[in-house]
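Trainee: I'm new to this one, so please pick a single spot, take me up close, and then show me what else is worth a look.

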Amino acid sequence: MTPSDAPGNRWSDLDRPPLNATALRRALLRPGGLWTSVDVVPATGSTNSDLAAAVTGSPPAVEGAVLVAEEQTAGRGRLDRVWTASPRSGLFFSVALRPGPEVPVERWGWLPLLAGVAVATGLSRAAGVDTSLKWPNDLLVTVDGEERKAGGVLAERAGEDTVVVGIGVNVSLRAEELPVPAAGSLALAGAVSTDRDPLLRAVLRALEHWYGQWRGAGGDPLASRVQEAYAAGCATLGRTVRAELPGDRSLTGEAVALDGAGRLVLAMEDGTREAVGAGDIVRLRPAG
């Protein structure tokens, strides 16, 4: 029995019941499937850090391991930005993926974008919320007519052959709990359901689908349709943006495409095009 299976104060917050680890395992673990284990812990610093340690530990965690926390006390976003939320108010989890030798390492950069597609499509179906993606790793929802960040993806190498993908989504976060005014949640966006069990199942099933297609195509973003799906759901494309780069440099242009490496292509005023990678930028903002 894991801590999340224990009775304790299970119904202390009827709006935010704990995840049912036993039911999640029953629904997600199947012979030949991607997911090999699902563990739910009441709290941890960072699921990415914990799963990365397990991947390089002895015995190492295998591909398809899923670690979920009811609360993260030191959650991290891109560039080590802090991610905080109230206990049981969202989905905070990480998965271990091993693309294998059939996928060239230079294509592994598509994994966080692929995960973004899975989160957006899974939650759109299960929560009934119109979601979009802000390149490179944010999930957006609309609250009171404004785009708000409700989730994010963080992918990190663990050892030689593994990528740990962390996903955080604000599910039932209330207005007074928002860490910053620009944040949002599925509940504030009018979700038809904030039951985290089916939401998590939907995201993991979508992730299994897209990862299977991508790996089966040798990581080719076109053949797997990952590039097409991301572009279709990307709110950044078609907008004029300012990419802030290290060293107080910046580029301003219209975001017109994603290239084969998952970089954002900007059309500059002088007619040239510049591609920026997620690792190259400090911040991406609307121009002006």
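Mentor: Let's start at Arg-283, which sits in strand β14, a stretch covering residues 283-286. Keep in mind that this is a predicted model. With a relative accessible area of 30%, Arg-283 counts as partly exposed, because that label covers the range between 20% and 50%. Now look for Ala-53: it is 230 residues away from Arg-283 along the chain, and the C-alpha atoms of the two are 29 Å apart.

Next, the sheet. Seven strands make up an open sheet with mixed pairing, and you can trace them in the order β1-β2-β5-β9-β8-β7-β6. At its edges are β1 (37-41) and β6 (132-134), each of which pairs on one side only. On average, neighbouring strands here are turned by 25 degrees against each other, direction ignored. Zoom in on β1 and you'll find it running parallel to β2 (residues 65-69), with five bridges between them. Val-38 has Val-66 in β2 as its bridge partner.

One of those strands, β8, also takes us to a pocket. The second largest pocket has a volume of about 380 Å³. Its lining is made of 21 residues, and Gly-109, Pro-112, Pro-136, Ala-278 and Gly-279 are the ones nearest its centre. Two elements, α3 (111-127) and β8 (146-158), each give two or more residues to that lining, and β8 gives the most, with three. By type, the lining residues split into eleven nonpolar, six polar and four charged.

Terms used: Residues are numbered from 1 along each chain as its sequence is written. This is a predicted model: local features need pLDDT of at least 70, side-chain atom pairs count only at pLDDT 80 or more; totals for chains, interfaces and linings use all residues. Side-chain values use heavy atoms; hydrogens and water are left out. Helices (H or I, at least four residues) and strands (E, at least two) are DSSP runs, numbered from the N terminus. Buried means under 20% relative accessible area, exposed over 50%, partly exposed in between (1.4 Å probe, protein chains only). Two strands pair if DSSP finds at least two bridges between them. Axes are lines fitted to C-alpha atoms, for helices over the stretch in contact, and angles run from 0 to 180 degrees between N-to-C directions. On a 1 Å grid over the protein atoms alone, a cavity is a set of points where a 1.4 Å probe fits but cannot get out, and a pocket is an open set with protein on both sides within 12 Å along at least five of seven lines; lining residues have an atom within 4 Å of a point. Grid points are joined across faces, edges and corners, and a volume is the space filled by probe spheres set on the points. Ala, Val, Leu, Ile, Met, Phe, Trp, Tyr, Cys and Pro count as nonpolar, Asp, Glu, Lys and Arg as charged, and the others, Gly among them, as polar.
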